[in-house]
Amino acid sequence: MTINAEQIKDIIKESGTAADIENMTATDLFADNGIDSLDIMTILLEVQEQTSVKIPDQDIDQLTSIQAIIDYIKSK
Amino acid sequence: MITINAISNYIPQQSVDINARAADVGIEQDFINNKLGIENLPIKSQQQETSDLGVEAVKSLLESSNLNIEDIDCLIVCTQNPDEYGLPHTSAIIHDKLGLHKQIACFDISLGCSGYIYGLKVAQGMMLANDYNNAILVTADPYSKIINAQDRNTSLLFGDAASATWLGREGSWELGKALLNTDGSGHRNIINIDQKLHMDGRQVFNFALTHAPKQIIDLLELAGYDIDHIDRFYLHQGSKYIVDSIRKRMKLAEEKVPANINQTGNTVSSSIPLLLEQDLDNPDLKNIILCGFGVGLSWGTILLHRADVK
(Lines give C-alpha, C1' and ligand atoms only; values in the text may rest on other atoms or scores of the structure.)
Protein backbone atom coordinates (compact mmCIF):
# COMPACT_ATOMS: atom_id res chain seq x y z
CA MET A 1 0.00 0.00 0.00
CA THR A 2 1.27 3.49 -0.82
CA ILE A 3 0.30 7.11 -0.33
CA ASN A 4 2.06 10.10 -1.88
CA ALA A 5 2.94 13.59 -0.64
CA GLU A 6 0.15 15.30 -2.59
CA GLN A 7 -2.46 12.98 -1.13
CA ILE A 8 -1.19 13.69 2.37
CA LYS A 9 -1.12 17.44 1.72
CA ASP A 10 -4.74 17.25 0.57
CA ILE A 11 -5.62 15.39 3.77
CA ILE A 12 -3.85 18.03 5.87
CA LYS A 13 -5.70 20.81 4.05
CA GLU A 14 -9.03 19.06 4.66
CA SER A 15 -8.20 18.70 8.36
CA GLY A 16 -8.75 22.44 8.76
CA THR A 17 -5.38 23.17 10.29
CA ALA A 18 -4.03 26.71 9.99
CA ALA A 19 -0.63 25.41 8.85
CA ASP A 20 0.90 26.74 5.61
CA ILE A 21 0.69 23.50 3.64
CA GLU A 22 1.87 24.85 0.28
CA ASN A 23 5.26 25.83 1.67
CA MET A 24 5.72 22.71 3.75
CA THR A 25 8.32 20.20 2.56
CA ALA A 26 7.91 16.47 2.99
CA THR A 27 10.48 16.38 5.77
CA ASP A 28 9.25 19.43 7.72
CA LEU A 29 8.06 18.44 11.15
CA PHE A 30 4.33 18.83 11.75
CA ALA A 31 4.97 20.30 15.18
CA ASP A 32 7.13 23.09 13.68
CA ASN A 33 4.27 24.07 11.37
CA GLY A 34 1.51 24.48 13.92
CA ILE A 35 0.01 21.03 13.38
CA ASP A 36 -0.91 19.82 16.86
CA SER A 37 -1.78 16.43 18.31
CA LEU A 38 -5.50 16.75 17.49
CA ASP A 39 -4.76 17.71 13.88
CA ILE A 40 -2.51 14.66 13.65
CA MET A 41 -5.37 12.44 14.91
CA THR A 42 -7.56 13.75 12.09
CA ILE A 43 -4.83 13.36 9.48
CA LEU A 44 -4.00 9.81 10.53
CA LEU A 45 -7.65 8.77 10.62
CA GLU A 46 -7.96 9.90 7.01
CA VAL A 47 -4.70 8.16 6.09
CA GLN A 48 -6.02 4.96 7.67
CA GLU A 49 -9.26 5.20 5.75
CA GLN A 50 -7.57 5.93 2.42
CA THR A 51 -4.93 3.22 2.71
CA SER A 52 -6.74 0.63 4.86
CA VAL A 53 -3.56 0.47 7.00
CA LYS A 54 -4.37 0.45 10.71
CA ILE A 55 -1.98 2.69 12.66
CA PRO A 56 -1.67 1.58 16.31
CA ASP A 57 -1.22 4.18 19.08
CA GLN A 58 2.37 3.10 19.74
CA ASP A 59 3.42 4.09 16.20
CA ILE A 60 2.03 7.62 16.32
CA ASP A 61 5.14 9.26 17.76
CA GLN A 62 7.24 8.34 14.74
CA LEU A 63 4.78 9.89 12.25
CA THR A 64 6.06 13.44 12.56
CA SER A 65 6.21 14.51 8.90
CA ILE A 66 4.71 13.83 5.48
CA GLN A 67 7.73 11.71 4.56
CA ALA A 68 7.47 9.71 7.76
CA ILE A 69 3.86 8.82 6.89
CA ILE A 70 4.80 7.88 3.32
CA ASP A 71 7.59 5.61 4.57
CA TYR A 72 5.40 4.08 7.27
CA ILE A 73 2.57 3.20 4.91
CA LYS A 74 5.01 1.82 2.34
CA SER A 75 6.48 -0.50 4.99
CA LYS A 76 3.09 -2.06 5.75
CA MET B 1 -47.23 8.46 21.06
CA ILE B 2 -44.50 9.22 23.60
CA THR B 3 -43.21 12.77 23.71
CA ILE B 4 -40.64 14.98 25.36
CA ASN B 5 -42.72 17.52 27.25
CA ALA B 6 -40.06 19.54 29.03
CA ILE B 7 -36.39 19.54 30.05
CA SER B 8 -34.66 21.24 32.96
CA ASN B 9 -31.03 21.28 33.88
CA TYR B 10 -28.84 21.89 36.85
CA ILE B 11 -25.34 23.30 36.52
CA PRO B 12 -23.29 23.78 39.69
CA GLN B 13 -22.23 27.38 40.41
CA GLN B 14 -18.69 26.44 41.35
CA SER B 15 -16.10 26.10 38.56
CA VAL B 16 -12.70 24.57 38.01
CA ASP B 17 -9.87 27.12 37.85
CA ILE B 18 -9.04 26.41 34.22
CA ASN B 19 -5.89 28.53 34.04
CA ALA B 20 -4.38 26.94 37.13
CA ARG B 21 -5.16 23.43 35.95
CA ALA B 22 -3.85 24.16 32.44
CA ALA B 23 -0.59 25.40 33.93
CA ASP B 24 -0.36 22.25 36.06
CA VAL B 25 -0.63 19.90 33.10
CA GLY B 26 1.21 22.06 30.55
CA ILE B 27 -1.65 22.88 28.18
CA GLU B 28 -1.53 26.23 26.35
CA GLN B 29 -4.43 28.68 26.36
CA ASP B 30 -4.64 28.64 22.56
CA PHE B 31 -5.24 24.88 22.60
CA ILE B 32 -7.94 25.24 25.26
CA ASN B 33 -9.73 27.96 23.29
CA ASN B 34 -9.49 26.52 19.80
CA LYS B 35 -9.47 22.77 20.27
CA LEU B 36 -11.04 21.94 23.62
CA GLY B 37 -13.31 24.99 23.44
CA ILE B 38 -13.60 25.33 27.20
CA GLU B 39 -14.30 28.62 28.98
CA ASN B 40 -16.05 27.26 32.06
CA LEU B 41 -16.00 23.86 33.77
CA PRO B 42 -18.70 23.55 36.44
CA ILE B 43 -17.86 21.28 39.36
CA LYS B 44 -20.08 20.08 42.18
CA SER B 45 -19.17 20.85 45.76
CA GLN B 46 -17.52 18.16 47.87
CA GLN B 47 -20.73 17.77 49.84
CA GLN B 48 -22.96 17.29 46.81
CA GLU B 49 -23.70 13.74 45.76
CA THR B 50 -24.81 12.59 42.31
CA SER B 51 -28.37 12.32 43.63
CA ASP B 52 -28.25 15.98 44.76
CA LEU B 53 -27.51 17.10 41.21
CA GLY B 54 -30.43 14.99 39.96
CA VAL B 55 -32.73 16.33 42.67
CA GLU B 56 -31.93 19.91 41.67
CA ALA B 57 -32.69 19.14 38.02
CA VAL B 58 -36.02 17.47 38.88
CA LYS B 59 -37.00 20.31 41.22
CA SER B 60 -36.30 22.78 38.44
CA LEU B 61 -38.42 20.66 36.07
CA LEU B 62 -41.34 20.57 38.50
CA GLU B 63 -41.12 24.33 39.08
CA SER B 64 -40.94 25.21 35.39
CA SER B 65 -43.59 22.81 34.03
CA ASN B 66 -47.14 21.77 34.86
CA LEU B 67 -46.13 18.24 35.84
CA ASN B 68 -47.62 17.25 39.18
CA ILE B 69 -45.28 15.28 41.40
CA GLU B 70 -48.12 12.79 42.15
CA ASP B 71 -48.45 11.97 38.44
CA ILE B 72 -44.91 10.63 37.96
CA ASP B 73 -45.05 6.91 37.09
CA CYS B 74 -41.39 6.23 36.46
CA LEU B 75 -38.00 7.72 37.36
CA ILE B 76 -34.93 6.58 35.45
CA VAL B 77 -31.44 7.80 36.34
CA CYS B 78 -28.56 7.47 33.89
CA THR B 79 -25.20 7.56 35.65
CA GLN B 80 -21.89 5.72 35.96
CA ASN B 81 -20.81 7.74 38.99
CA PRO B 82 -23.67 6.97 41.35
CA ASP B 83 -24.07 7.62 45.07
CA GLU B 84 -22.65 4.96 47.40
CA TYR B 85 -20.90 3.02 44.60
CA GLY B 86 -24.27 2.20 43.06
CA LEU B 87 -25.82 0.31 45.93
CA PRO B 88 -28.56 1.33 46.43
CA HIS B 89 -29.48 2.73 43.04
CA THR B 90 -29.29 6.51 42.85
CA SER B 91 -32.87 6.74 41.58
CA ALA B 92 -34.07 5.36 44.92
CA ILE B 93 -32.08 8.05 46.75
CA ILE B 94 -33.55 10.75 44.51
CA HIS B 95 -36.97 9.23 45.15
CA ASP B 96 -36.40 9.63 48.87
CA LYS B 97 -34.98 13.16 48.68
CA LEU B 98 -37.92 14.33 46.56
CA GLY B 99 -40.48 12.54 48.73
CA LEU B 100 -42.07 10.77 45.79
CA HIS B 101 -45.05 8.41 46.24
CA LYS B 102 -44.54 4.65 46.24
CA GLN B 103 -46.49 3.73 43.10
CA ILE B 104 -43.50 4.55 40.97
CA ALA B 105 -40.87 2.53 39.13
CA CYS B 106 -37.31 3.70 39.86
CA PHE B 107 -34.13 2.31 38.40
CA ASP B 108 -30.70 3.34 37.14
CA ILE B 109 -29.12 2.67 33.79
CA SER B 110 -25.36 2.49 33.40
CA LEU B 111 -24.28 4.31 30.27
CA GLY B 112 -22.02 7.25 29.50
CA CYS B 113 -22.25 9.68 26.61
CA SER B 114 -24.84 7.66 24.67
CA GLY B 115 -26.99 7.44 27.80
CA TYR B 116 -29.53 10.12 26.94
CA ILE B 117 -30.50 8.44 23.67
CA TYR B 118 -30.73 5.01 25.29
CA GLY B 119 -32.58 6.53 28.24
CA LEU B 120 -35.25 8.06 26.00
CA LYS B 121 -35.91 4.70 24.37
CA VAL B 122 -35.90 2.85 27.70
CA ALA B 123 -38.41 5.36 29.07
CA GLN B 124 -40.53 5.04 25.96
CA GLY B 125 -40.50 1.25 26.29
CA MET B 126 -41.45 1.38 29.97
CA MET B 127 -44.29 3.79 29.29
CA LEU B 128 -45.74 1.77 26.43
CA ALA B 129 -45.35 -1.57 28.23
CA ASN B 130 -46.95 -0.36 31.46
CA ASP B 131 -49.42 2.27 30.26
CA TYR B 132 -47.53 4.99 32.09
CA ASN B 133 -48.39 8.58 31.32
CA ASN B 134 -45.39 10.37 32.81
CA ALA B 135 -41.75 9.40 33.19
CA ILE B 136 -38.71 11.40 34.21
CA LEU B 137 -35.30 10.65 32.75
CA VAL B 138 -32.47 12.07 34.86
CA THR B 139 -28.89 12.27 33.66
CA ALA B 140 -26.27 12.96 36.34
CA ASP B 141 -22.73 11.74 35.86
CA PRO B 142 -20.28 13.98 37.75
CA TYR B 143 -16.87 12.99 36.38
CA SER B 144 -15.20 15.24 38.95
CA LYS B 145 -15.48 12.19 41.22
CA ILE B 146 -12.99 10.31 39.05
CA ILE B 147 -10.93 12.97 37.27
CA ASN B 148 -7.20 12.91 37.85
CA ALA B 149 -6.32 16.63 37.81
CA GLN B 150 -2.84 15.74 36.54
CA ASP B 151 -4.09 13.86 33.47
CA ARG B 152 -3.78 16.23 30.51
CA ASN B 153 -6.11 14.02 28.41
CA THR B 154 -9.12 14.52 30.64
CA SER B 155 -8.55 17.15 33.32
CA LEU B 156 -9.77 20.06 31.17
CA LEU B 157 -12.55 18.27 29.35
CA PHE B 158 -15.33 17.27 31.71
CA GLY B 159 -17.83 19.38 33.66
CA ASP B 160 -20.50 18.39 36.18
CA ALA B 161 -24.19 18.88 35.41
CA ALA B 162 -27.54 17.09 35.54
CA SER B 163 -30.70 17.11 33.48
CA ALA B 164 -34.29 16.03 33.98
CA THR B 165 -36.53 15.26 31.01
CA TRP B 166 -40.28 14.85 31.35
CA LEU B 167 -41.65 12.24 28.94
CA GLY B 168 -45.40 12.21 28.47
CA ARG B 169 -48.13 11.56 25.95
CA GLU B 170 -49.01 15.01 24.68
CA GLY B 171 -45.81 17.02 24.53
CA SER B 172 -44.33 18.93 21.64
CA TRP B 173 -41.62 16.48 20.54
CA GLU B 174 -42.49 12.93 19.50
CA LEU B 175 -39.82 10.27 19.87
CA GLY B 176 -39.08 8.77 16.45
CA LYS B 177 -36.94 5.94 15.21
CA ALA B 178 -33.56 5.30 16.81
CA LEU B 179 -30.46 3.22 16.28
CA LEU B 180 -28.52 1.95 19.30
CA ASN B 181 -25.12 0.28 18.78
CA THR B 182 -22.20 -1.13 20.78
CA ASP B 183 -18.60 -2.15 20.17
CA GLY B 184 -17.44 -3.77 23.39
CA SER B 185 -13.97 -4.42 21.96
CA GLY B 186 -13.26 -0.76 22.74
CA HIS B 187 -14.44 -0.88 26.34
CA ARG B 188 -10.98 -0.07 27.72
CA ASN B 189 -10.75 3.17 25.71
CA ILE B 190 -12.76 5.03 28.37
CA ILE B 191 -12.45 3.27 31.68
CA ASN B 192 -12.48 3.83 35.42
CA ILE B 193 -9.47 2.15 37.06
CA ASP B 194 -9.10 2.54 40.82
CA GLN B 195 -11.56 5.44 40.83
CA LYS B 196 -9.63 7.36 38.17
CA LEU B 197 -10.77 8.00 34.63
CA HIS B 198 -8.50 6.81 31.82
CA MET B 199 -9.20 7.72 28.22
CA ASP B 200 -7.45 6.88 24.97
CA GLY B 201 -8.27 10.13 23.23
CA ARG B 202 -7.18 9.02 19.78
CA GLN B 203 -9.20 5.82 19.81
CA VAL B 204 -12.27 7.67 21.09
CA PHE B 205 -11.81 10.31 18.40
CA ASN B 206 -11.47 7.66 15.67
CA PHE B 207 -14.53 5.86 17.01
CA ALA B 208 -16.64 9.01 17.10
CA LEU B 209 -15.62 10.22 13.65
CA THR B 210 -16.13 6.80 12.11
CA HIS B 211 -19.36 5.66 13.76
CA ALA B 212 -21.47 8.70 14.65
CA PRO B 213 -21.82 10.09 11.09
CA LYS B 214 -22.55 6.63 9.70
CA GLN B 215 -25.21 5.96 12.30
CA ILE B 216 -26.90 9.28 11.55
CA ILE B 217 -26.95 8.51 7.83
CA ASP B 218 -28.20 4.95 8.49
CA LEU B 219 -31.03 6.26 10.67
CA LEU B 220 -32.08 8.83 8.09
CA GLU B 221 -32.22 6.07 5.46
CA LEU B 222 -34.18 3.83 7.79
CA ALA B 223 -36.68 6.58 8.55
CA GLY B 224 -36.92 7.75 4.94
CA TYR B 225 -35.56 11.22 5.56
CA ASP B 226 -33.10 13.22 3.53
CA ILE B 227 -30.35 14.97 5.50
CA ASP B 228 -31.77 18.32 4.34
CA HIS B 229 -35.02 17.51 6.18
CA ILE B 230 -33.23 17.78 9.51
CA ASP B 231 -33.29 21.21 11.10
CA ARG B 232 -30.72 20.59 13.84
CA PHE B 233 -28.18 17.94 14.79
CA TYR B 234 -27.59 17.81 18.56
CA LEU B 235 -24.29 15.98 18.91
CA HIS B 236 -22.81 14.86 22.20
CA GLN B 237 -20.41 17.62 23.23
CA GLY B 238 -17.35 15.38 23.58
CA SER B 239 -15.04 18.29 22.79
CA LYS B 240 -15.23 21.27 20.47
CA TYR B 241 -12.81 19.49 18.18
CA ILE B 242 -14.90 16.33 17.94
CA VAL B 243 -18.12 18.24 17.27
CA ASP B 244 -16.42 20.44 14.65
CA SER B 245 -14.81 17.40 13.03
CA ILE B 246 -18.09 15.46 12.76
CA ARG B 247 -19.83 18.53 11.40
CA LYS B 248 -17.16 19.03 8.74
CA ARG B 249 -17.07 15.35 7.86
CA MET B 250 -20.84 15.36 7.33
CA LYS B 251 -20.68 18.74 5.54
CA LEU B 252 -23.34 20.18 7.85
CA ALA B 253 -23.92 23.92 8.11
CA GLU B 254 -22.51 25.36 11.33
CA GLU B 255 -25.91 26.80 12.36
CA LYS B 256 -27.43 23.31 12.20
CA VAL B 257 -25.06 21.92 14.83
CA PRO B 258 -25.53 23.75 18.13
CA ALA B 259 -22.67 23.79 20.62
CA ASN B 260 -22.36 24.86 24.23
CA ILE B 261 -19.26 23.03 25.38
CA ASN B 262 -17.56 26.36 26.09
CA GLN B 263 -19.86 26.91 29.08
CA THR B 264 -20.02 23.43 30.61
CA GLY B 265 -17.34 21.15 29.19
CA ASN B 266 -18.27 17.57 28.38
CA THR B 267 -21.09 16.71 30.77
CA VAL B 268 -21.39 13.09 29.55
CA SER B 269 -25.05 11.99 29.29
CA SER B 270 -26.23 15.50 30.18
CA SER B 271 -24.63 17.25 27.21
CA ILE B 272 -27.48 16.64 24.75
CA PRO B 273 -30.37 17.63 27.06
CA LEU B 274 -28.41 20.73 28.09
CA LEU B 275 -28.31 21.73 24.43
CA LEU B 276 -31.84 20.64 23.62
CA GLU B 277 -33.45 22.55 26.48
CA GLN B 278 -32.57 25.83 24.78
CA ASP B 279 -34.40 24.91 21.56
CA LEU B 280 -37.35 22.89 22.81
CA ASP B 281 -39.82 25.72 22.14
CA ASN B 282 -38.25 26.89 18.88
CA PRO B 283 -41.16 26.81 16.38
CA ASP B 284 -38.79 26.74 13.40
CA LEU B 285 -37.62 23.24 14.23
CA LYS B 286 -39.68 20.33 12.87
CA ASN B 287 -37.31 17.35 12.69
CA ILE B 288 -34.14 17.04 14.71
CA ILE B 289 -31.46 14.44 15.37
CA LEU B 290 -29.82 13.64 18.70
CA CYS B 291 -26.59 11.60 18.62
CA GLY B 292 -24.55 10.43 21.60
CA PHE B 293 -21.34 8.39 21.58
CA GLY B 294 -18.74 7.30 24.11
CA VAL B 295 -18.16 4.84 26.97
CA GLY B 296 -18.66 1.22 25.94
CA LEU B 297 -18.02 1.92 23.21
CA SER B 298 -21.67 2.76 22.75
CA TRP B 299 -23.49 5.08 20.39
CA GLY B 300 -27.07 6.02 19.72
CA THR B 301 -29.03 8.31 17.44
CA ILE B 302 -32.71 9.24 17.59
CA LEU B 303 -35.07 11.30 15.45
CA LEU B 304 -37.47 13.69 17.14
CA HIS B 305 -40.44 15.18 15.32
CA ARG B 306 -42.48 18.17 16.37
CA ALA B 307 -45.68 16.47 17.40
CA ASP B 308 -48.07 18.77 15.57
CA VAL B 309 -46.12 18.72 12.28
CA LYS B 310 -45.26 15.66 10.24
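Start by selecting B:Pro88, found in the loop between E2 and H4 of chain B. Helices (H or I, at least four residues) and strands (E, at least two) are DSSP runs, numbered from the N terminus. The peptide bond from B:Leu87 to B:Pro88 is cis, with omega near 5 degrees.

Before going on: this is a predicted model, where local features need pLDDT of at least 70 and side-chain atom pairs count only at pLDDT 80 or more, while totals for chains, interfaces and linings use all residues. Residues are numbered from 1 along each chain as its sequence is written, chains are lettered from A and ligands numbered from 1 in the order in which they are written, and side-chain values use heavy atoms, with hydrogens and water left out.

Next, select residues 74–78 and 105–109 of chain B. These are strands E2 and E3, which run parallel and are joined by 5 bridges. Look for B:Leu75, which stands opposite B:Cys106.

Now show the whole sheet of chain B. Which strand order does this open sheet of 9 strands have? The order is E3-E2-E4-E5-E1-E6-E11-E10-E9, with mixed pairing; two strands pair if DSSP finds at least two bridges between them. E3 and E9 (232–235) stand at the edges with a single partner strand each, so one side of each is left without a neighbour in the sheet.

Move to E10 (287–294) and E11 (298–306) of chain B. They pair in the antiparallel sense over 8 bridges. B:Phe293 has B:Trp299 as its bridge partner. In the loop between E10 and E11 sits B:Leu297. A cis peptide bond joins B:Gly296 to B:Leu297, with omega about -5 degrees.

Select helix H6, residues 201–223 of chain B. H6 lies across E6 (173–182), E9, E10 and E11, with contact meaning heavy atoms within 4.5 Å.

Stay with H6 for the second largest pocket. H6 of chain B gives the largest share of its lining, 5 residues. H2 (37–51) of chain A also supplies at least two residues. Nearest the pocket centre, among the 14 lining residues, are A:Gln48, A:Lys54, B:Gln203, B:Asn206 and B:Phe207. A pocket here is an open set of points on a 1 Å grid over the protein atoms alone, where a 1.4 Å probe fits, with protein on both sides within 12 Å along at least five of seven lines; lining residues have an atom within 4 Å of a point.

Finish at A:Ser52, in the loop between H2 and H3 (66–75) of chain A. Its phi is near 60 degrees, a positive value in a residue other than glycine.

Note on methods. Axes are lines fitted to C-alpha atoms, for helices over the stretch in contact, and angles run from 0 to 180 degrees between N-to-C directions.
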